[in-house]
Amino acid sequence: MNYTTDVLIIGGGAAACRAALSAADAGAQVILASKRPPAQAGATSYPVAEMAGYNAGDPRCAGDVERHYQDIMTAGQGMADPEVAATLAAHAPQTIRQLEEWGVPFEKEEDGYYVFKSCFSSQPRTHVIRGHGEPIIRAMLHQIRLRSQITLFDDITIVKLLTDGSACCGAWGFCADGTEVTITAGAVVLATGGASQVFERNLNPADVSGDGYRMAFEIGAELVNMEFLQIGIGFSHPVVNIFNGYIWEGMPVLRNCHGQEFLSSGLPEGLSAENVMHEHRRHFPFSTSDCSRFLEIAIHREISEGRGSKNGGVIADLRHMCDAQVNALPDDCGIHHMWPIAREYMLRRGVDLLKQPVEICCFAHAVNGGVRINANASSTVPGLYAAGETAGGPHGADRLGGNMMVTCQVFGAIAGINAAQYAMLHARKLPDDLQAQIETEKSLLHKNVNAASVLEHLHHCTQRHLLVSRTENGLKTVLHTVGELQNELLSAPDTDDLHIENNALLSQLFTAKMMAAAALRRTESRGSHHR
């Protein structure tokens, strides 16, 4: 099947939906191509958190938007793009007004928004949306249905971006039934999400496998900051959920499979477990920037060295965190307001945190880097734009909590508008060498390889060597393993059958290689990269 459109948007999460809306409102005909229906695709609405943090300064308060920008740059430790970060901070406030107009409910307190001081922020600015990002996706899907210029294909796996020799001009892939699809477009927006599926333990759905990074790089786009991966502690059993930073202020008791409290034994002299947990109240993700890093290091060590619990985590006991105990704590992290929400959310999922210990472990969460963009959301390839977790530049070595959700809205809108304007100035033309461009990928999708087994091998390696504690030998092990697995794919027998699962295999092998190569070159520790 062949289709032609002004703007092709690849992905199904918040950035993709926002780009589709802004491109359509700019006068473009739009195809939104997603592997799954948007309500089931991408990380935005994936149910692993009781709430979504949403960062925006208050333009009514002098200097507040500027302080948001400064916090992004401070957390980024020299790795965030100043112009892109400034654009994010400047546009953030108006996105809240837009989402509210579309029906997204933000948590309120008295006569204003409830905000708290989230990860790496200097002051409270993180707004709260209950139900994670699902209300955002629901609201935008309603808007998409109101716009006849948007055609939604929710069963297409895009495998390859196409070029006319100088610019991106469309994409090629397959429908779920195996039908080949070519889409010619005046401009393309990549919003395929991140790549935490590269790891054994992650907080993303199965469709988030690094496709955007691979496809963009293959046509010459630059990647940036791929070594900076957000890693976070999460509930791992009996449910999977983010273990938000404010919970550490309640001083959970951690034990390994032998019933031993292990955190104190690995700390430097003069540093207590209480000090470490108190510091971690300030942020969810792992960071080398403060002593909270010893929590993830200790948990990952216990599991890697065989002292994990029966389901592959460590035991966390929060049964003492009743209302009286929590309300007696000083609160500069939102625990008084947020802990009851978290507890109620977990209870709805069948877990009473006041009656049963749970298991936790370290998860891959979000990539801070990606396809390099400028303030116009343009990649380094003409006609190709990127937004959301696919894009690199808005974040650096660490990322403010609540900044990914707002990034999807800000740069989704910018990418859609600019893609529409670009498409109207450039003719849409199918490349003459189409078959040559897709030949390699088409061949690999017909390889009879056990993709699940190869990925299991990859994930075991990355979980151990590319997650929390990275060493030169460990990173070289990742690169060696990727090379062996790529050879296994290349040498697999050809078949007439289409193996679309090989696409995720291709993307994950590529992304693991990029992450490990970048991490190997950065011999220091900085932010989320612990060398």
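A cavity is found on a 1 Å grid over the protein atoms alone: it is a set of points where a 1.4 Å probe fits but cannot get out, and lining residues have an atom within 4 Å of a point. Grid points are joined across faces, edges and corners, and a volume is the space filled by probe spheres set on the points.

The model is predicted: local features need pLDDT of at least 70, side-chain atom pairs count only at pLDDT 80 or more, and totals for chains, interfaces and linings use all residues. Residues are numbered from 1 along each chain as its sequence is written, and side-chain values use heavy atoms, with hydrogens and water left out.

**Exercise 1. Describe the second largest cavity.**

Step 1. Count. There are two cavities of 30 Å³ or more.
Step 2. Give the volume. The second largest cavity holds about 30 Å³ of space.
Step 3. List the lining. I72, G76, P394, H395, G396, D398, R399, L400 and N403 line the second largest cavity.
Step 4. Sort by class. Ala, Val, Leu, Ile, Met, Phe, Trp, Tyr, Cys and Pro count as nonpolar, Asp, Glu, Lys and Arg as charged, and the others, Gly among them, as polar. This lining has three nonpolar, four polar and two charged residues.

**Exercise 2. Work out how α12 and α13 pack.**

Step 1. Find the helices. Helices (H or I, at least four residues) and strands (E, at least two) are DSSP runs, numbered from the N terminus. Helix α12 covers residues 451-465, and helix α13 covers residues 472-490.
Step 2. Read the geometry. Axes are lines fitted to C-alpha atoms, for helices over the stretch in contact, and angles run from 0 to 180 degrees between N-to-C directions. For α12 and α13 the angle is about 170 degrees, and the axes are 9 Å apart.
Step 3. Name the arrangement. Angles under 35 degrees count as roughly parallel, over 145 as roughly antiparallel, 65 to 115 as roughly perpendicular and the rest as oblique. Therefore α12 and α13 are roughly antiparallel to each other.
Step 4. Check the contact (heavy atoms within 4.5 Å). On the α12 side, V454, H457, L458, C461, T462 and H465 take part. Their partners in α13 include L475, V478 and L485. The contact divides into seven nonpolar, six polar and one charged residue.

**Exercise 3. Spot two backbone exceptions.**

Step 1. Recall the rule. Most residues other than glycine have a negative phi, and most peptide bonds are trans.
Step 2. H132 has a positive phi, near 60 degrees. H132 lies in the loop between β7 and α4 (134-145).
Step 3. The peptide bond from H237 to P238 is cis, with omega near 10 degrees. P238 sits in the loop between β13 (229-237) and β14 (241-242).

Technical notes. 1 Å grid on protein atoms, 1.4 Å probe; cavity = no way out; pocket = protein on both sides within 12 Å on 5 of 7 lines; lining within 4 Å.
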